[in-house]
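Colleague: I am new to reading protein structures. Could you walk me through a few features, one at a time?

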Amino acid sequence: MPPAPINRRSMLGGVTVLAALGLLSACSGPGAQLEFDTSGPPQKGGTLRVGITGGSSADTLDAHTATNQGDYARTQNLYECLATRDREYKLRMRLADSIEPNDTATVWTVKLRSGVKFSNGRPLEPEDVIASFKRITDPDNPGTGAAGLATLDKVVKTGPTTVEFRLKAPNSIFDDTLSQVDNNIVPRDYDPDEPVGTGPFMLDSFEPGQQTTLVRNPHYWDGEPYLDQVQLLNFNDDDAVINALLSSQVDCVAAIPMALVKVIEADPRMKILDSVTGRWLPLTMRVDQKPFDDKRVRQAFRLVVDRQQMIDQVLSGYGTIGNDIFAPMDPEGPKFPQRTRDVEKAKQLLADAGYPDGLSVELVTAPINPGVVESAQVYAQQAKDAGITVTIKRVDSTTFYGEGNYLSYPFSQSFWNTKNFLPQADQCTVKASPFNETHWNDADYNELLAKSKAALDPAQRKKHMEAAQRMLYDDGGYIIWGFANNVDAYQSYVVGLETSASGYPLGRYAFAKVWIGDVK
């Protein structure tokens, strides 16, 4: 009797099935790869295995405290917000049917979408929205979205499907705030250890730093997902996750090293998902600690950067040049003169600051996002020309984000996904920010942010924003050398992944419409 045909369910067993059939080693040979029918229509079934680097014992399921890529992969599939940014970074409604301000932008009325249920089958109600934002803004245990909600006074139920967000001060971009990925809606009896949400999948199992298994949410309001399961698998470094992809232990990989794009793309079994984004991988200088408490030093450290070389060597060309200000996709963002490399001016600034013979600094780095460690290495080489000796201290991701470490390093690195300027500023440039990596705290700057939010006239808002961004451009603690494309890789039998400007991998970890093709 001939062996039974392989279908998508048995194929997704991975290495075991392929090895048993003697096909694993042959898959990479010319003409030997399996062929799949991905023409549609979409088919139900199968498990999508997703490889993600990083992760630690501090990994979380909490809807409001995500930090690393694994955390966001979980929250993007377990929960949803009232609004979202689509793949082109345009604002779209999700759990809300509408979000409308009053004439002064001090009250925003949200009408909830009908028919939405949580994964336990209970309908979404105004009380859940109220409880979600009370949890995010809890002063004793604030969520990462709390800084952007500083002007929120209260959320009040005004009808069976409506709530009002009443603010202490005008906020003309509050609908954008409600779309931020940390402002997820959870049930009023929410328990993060046994999470319930409105997302396309729900939790089956969770091992921090190891793996997460999600299963289809049968109550999902936006069309039941095709996949039976999604497994999020943690790997320690890029080499390990790429090897897992090439050996068919995973079906897709979030954010591959740019240097490997051409190699993986040449493999007929693989496909590449290349998204142009506003993702940035800054070097961070603490403005409250020597030597970076002198703005001349910070300016010098920016002037030693060869930005095009960074794009070419760190990102293999998959990115765009930065200019030390974030939010390149914000339509109201200003255009400042492009900062270019000027080693002689950098030397003079250092001499003026009391370092005529240069100086030495330690740069703490970790593989927290593709390109981060590589950019540290390239920067260290570039800085030598100005008499700056950069000693790189590489730690693992767990140590980097360990208690008392992240946010304490005088000279370090970070990564951020796409945001408009004002929501991003709330996250990292005010004293109350959850991730104030540069310890920037300027009263004039804070006043400009407040004026920007209060301005109902877009021209006035842009004016105040430009003044705030000019302060960061001239004196801030970030070195923003470029914006990285998000490049993912996946097996050719995976269908439905789409590019996204969000900066989050794999189309913002959007697996609701992903399906698996059958072996022909």
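Predicted model: local features only at pLDDT ≥ 70, side-chain atom pairs only at ≥ 80, totals over all residues.

Colleague: Thanks! Which residue does Lys157 form a salt bridge with?

Modeller: The general idea comes first. Side chains of opposite charge can pair when their charged atoms come close. Here, Lys157 pairs with Glu127, and their closest N and O atoms are 2.9 Å apart. The two link distant parts of the chain: Lys157 sits in strand β7 and Glu127 in helix α4, 30 residues apart. Glu127 is partly exposed as well, with 28% relative accessibility.

Colleague: How many salt bridges does the structure hold?

Modeller: There are 32. In one of them, the side chains of Arg49 and Asp251 meet, at 2.6 Å from N to O. Arg49 belongs to strand β2, while Asp251 is in the loop between α6 and β12, 202 residues apart.

Colleague: What does Asp324 form a salt bridge with?

Modeller: The partner of Asp324 is Arg339, and the closest N and O atoms are 2.7 Å apart. Both residues lie in the loop between β15 and α10, so this pair ties together parts that are 15 residues apart in sequence. Asp324 is buried, at 2% relative accessibility, and Arg339 is buried with a relative accessible area of 14%. Salt bridges can also form a network, as they do among Arg122, Glu125, Asp128 and Arg188.

Colleague: Which residues gather in a patch of negative charge on the surface?

Modeller: That patch brings together Asp189, Asp191, Asp193 and Glu194. Take Asp189, which you will find in the loop between α5 and β9. Its relative accessibility is 57%, so Asp189 counts as exposed. Now turn to Asp176, which lies in helix α5. Asp176 is buried, because its relative accessible area is 4%.

Colleague: What is Asp176 in contact with, leaving aside its neighbours within four places in sequence?

Modeller: With that condition, the contacts of Asp176 are Arg85, Leu91, Asn420 and Pro423. Glu88 is exposed, with a relative accessible area of 53%.

Colleague: Let us move on to the backbone. Where is a cis peptide bond?

Modeller: Again, the general idea first. Most residues other than glycine have a negative phi, and most peptide bonds are trans. In this model, the bond from Gly40 to Pro41 is cis, with omega near 0 degrees. Pro41 is in the loop between β1 and β2. A cis peptide bond also joins Lys290 and Pro291, where omega is about 0 degrees. Look for Pro291 in the loop between β14 and α8.

Colleague: And which residue has a positive phi although it is not a glycine?

Modeller: Ala105 is one of them, with a phi of about 60 degrees. Ala105 is in the loop between β5 and β6, and is buried at 1% relative accessibility. Arg508 has a positive phi as well, of about 70 degrees. Arg508 lies in helix α16, and its 12% relative accessibility makes Arg508 count as buried.

Key
Residues numbered from 1 in each chain as written. Heavy atoms only, no water. Patch = residues over 30% accessible without salt bridge, like charges linked within 9 Å, V, L, I, M, F, W, Y side chains within 5 Å. Areas by Shrake-Rupley, 256 points an atom, 1.4 Å probe, with all protein chains shown as cover. Salt bridge = Lys/Arg side-chain N within 4 Å of Asp/Glu carboxyl O. Lys, Arg positive; Asp, Glu negative; His and termini not counted. Charge placed at Lys NZ, Arg CZ, Asp CG, Glu CD. Helix = DSSP H or I, 4+ residues; strand = E, 2+ residues; numbered from the N terminus. Buried < 20%, exposed > 50% of the residue type's maximum accessible area, 1.4 Å probe, protein only. Contact = heavy atoms within 4.5 Å.
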